[in-house]
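Here are a few notes on the nonpolar side of this one, jotted down while going through the model. Have a look at the structure first, then read on.

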Amino acid sequence: MATPQPTPAPALHPTPPPVPFPVRVQARALRAVYALPAGVRRVLAGAPVVRDGQELALDAQLMLRLQRLAGSALVLPGGVGPSRVAMDLSRHLVGGPTLPVAVREVAIPQPYGELPATLYAPRGPAAGSGLLVFLHGGGWVVGSRASHDHVCRYLARRAGVRVLSVEYRLAPEHPFPAAAEDALAAFDFAHAEAAALGVDPARIAVGGDSAGGNLAAVTAQAAVRRGGPAPAFQLLLYPAADASVRRRSRELFAEGFHLTSAQMDWFADHYAPEPADRTDPRLSPLLAGDLAGLPPAYVGTAGFDPLRDEGEAYARALRAAGVAVRLSRHRDLIHGYANYLGIGGRFLEATAEAAEALRAAVG
């Protein structure tokens with residue numbers, strides 16, 4: 001009997017598809033709403049939302065209101081396919097203008113084929129700059145290089161580093177631990193090909209948002225445990241850190257704040273359907289036995305996020321193990337704040353803080 005072969009990773013797509021006309025119209029309407037005076041925006045958003053001693057930022061509350069009116073969600077009724085398309089298109093609504101950086105496609109050799117990636121280089125830095133291996137969010141099921149193109153461009157320009165955005169394999173086609181394996185392979189490629197990428201191998205960081213933050217943490221652990229090259233820094237934005245338990249923030253913010261508890265179950269069931277995998281450190285890095293020796297980290301969390309408490313628990317565990325950690329809770333924001341750069345305000349401020357931490361570490 002022939003040995004079954006792994007399904008190849010997605011092919012490279014260097015030319016983005018045109019933005020659909022309805023999305024362009026929605027984007028203009030959204031910009032018009034956010035250009036209204038604060039008092040008008042408050043009326044549209046409703047009375048201030050206070051929970052757990054925190055008040056939700058007006059920009060975030062208005063965004064949630066508009067998403068409800070539009071029927072927008074991370075997981076759509078049609079399932080995986082429509083949810084992926086919607087997330088890729090969402091950047092045209094909330095990502096802001098396309099920032100000018102040098103961009104080229106990169107293929108990372110793998111046993112199953114090529115793992116696609118995009119290299120972003122800010123204008124100015126010469127060869128030998130720092131690099132961020134970026135892993136996008138989306139619950140290991142949705143999200144792509146396209147959905148996070150604006151995030152990578154912003155980090156490259158603001159932090160003054162190159163960014164390698166990786167199209168790791170997604171579930172359910174490729175369940176756990178495929179994404180974790182791809183993330184580590186991407187870091188290894190970046191280190192081995194540092195000269196070709198124009199970066200300093202001693203200044204390679206790993207980072208990402210949500211599921212991507214999880215993969216970055218897992219990659220740092222795997223690299224340190226095996227010995228040899230390891231990341232110089234971890235940029236962890238509202239990371240998933242422990243799939244084995246439900247913490248208080250998951251109950252407090254189970255519904256109504258962009259990422260819901262039910263959606264978290266949906267993502268986990270697609271990526272790691274076997275219950276035993278939920279306690280594997282490659283999915284729940286907080287459960288790793290020894291965190292000593294890991295690279296310094298920036299951990300950004302959002303006050304109104306069901307993932308808040310596990311991300312902060314991971315930061316505390318790193319600190320207890322002697323790792324240098326900067327933990328920053330943005331008390332008034334929601335999960336996914338880095339994706340709303342085009343809205344500006346608190347979304348931009350929070351992401352700028354992360355970019356500055358990256359610049360200080362490897363820029």
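1. A term to start with: a residue is called buried when its relative accessible area is under 20%. Keep in mind that this is a predicted model. F304 has 0% relative accessibility, so it counts as buried. F253 also falls under that cut-off, at 0%, and therefore counts as buried.

2. Those two residues pair up. The ring centres of F253 and F304 are 5.4 Å apart with the planes at 55°, so this is a tilted pair. It ties together distant parts of the chain: F253 is in the loop between α9 and α10, while F304 belongs to strand β9, 51 residues apart.

3. Y340 and F347 make another tilted aromatic pair, with 5.0 Å from centre to centre and 35° between the planes. Y340 is buried at 4% relative accessible area, and F347 is buried at 0%.

4. Now the cores. The largest nonpolar core holds 65 residues, and L131, L215, Y271 and Y314 have the most contacts inside it. Another core lies apart from it, with 49 residues, including L56 and F347. Beyond its close sequence neighbours, L215 touches several residues, among them W140, Y168 and Y271.

5. What about the surface? L36, V40 and L44 form a nonpolar patch there, with about 200 Å² of accessible area together. V40 sits in helix α2 and counts as partly exposed because its relative accessibility is 37%.

Conventions
Residues are numbered from 1 along each chain as its sequence is written. This is a predicted model: local features need pLDDT of at least 70, side-chain atom pairs count only at pLDDT 80 or more; totals for chains, interfaces and linings use all residues. Side-chain values use heavy atoms; hydrogens and water are left out. A nonpolar core is a set of buried Ala, Val, Leu, Ile, Met, Phe, Trp, Tyr and Cys residues joined through side-chain atoms within 4.5 Å. Buried means under 20% relative accessible area, exposed over 50%, partly exposed in between (1.4 Å probe, protein chains only). Contact means heavy atoms within 4.5 Å. Patches are made of residues with over 30% relative accessible area and no salt bridge: like charges are joined within 9 Å, nonpolar side chains (Val, Leu, Ile, Met, Phe, Trp, Tyr) within 5 Å. Accessible areas come from the Shrake-Rupley method with a 1.4 Å probe; for residues, only the protein chains shown count as cover. A salt bridge is a side-chain nitrogen of Lys or Arg within 4 Å of a carboxyl oxygen of Asp or Glu. Helices (H or I, at least four residues) and strands (E, at least two) are DSSP runs, numbered from the N terminus. Rings of Phe, Tyr and Trp (its six-membered ring) pair if their centres lie within 6.5 Å; planes under 30 degrees apart count as stacked, over 60 as edge-to-face and the rest as tilted. Lists of a residue's contacts leave out its neighbours within four places in sequence.
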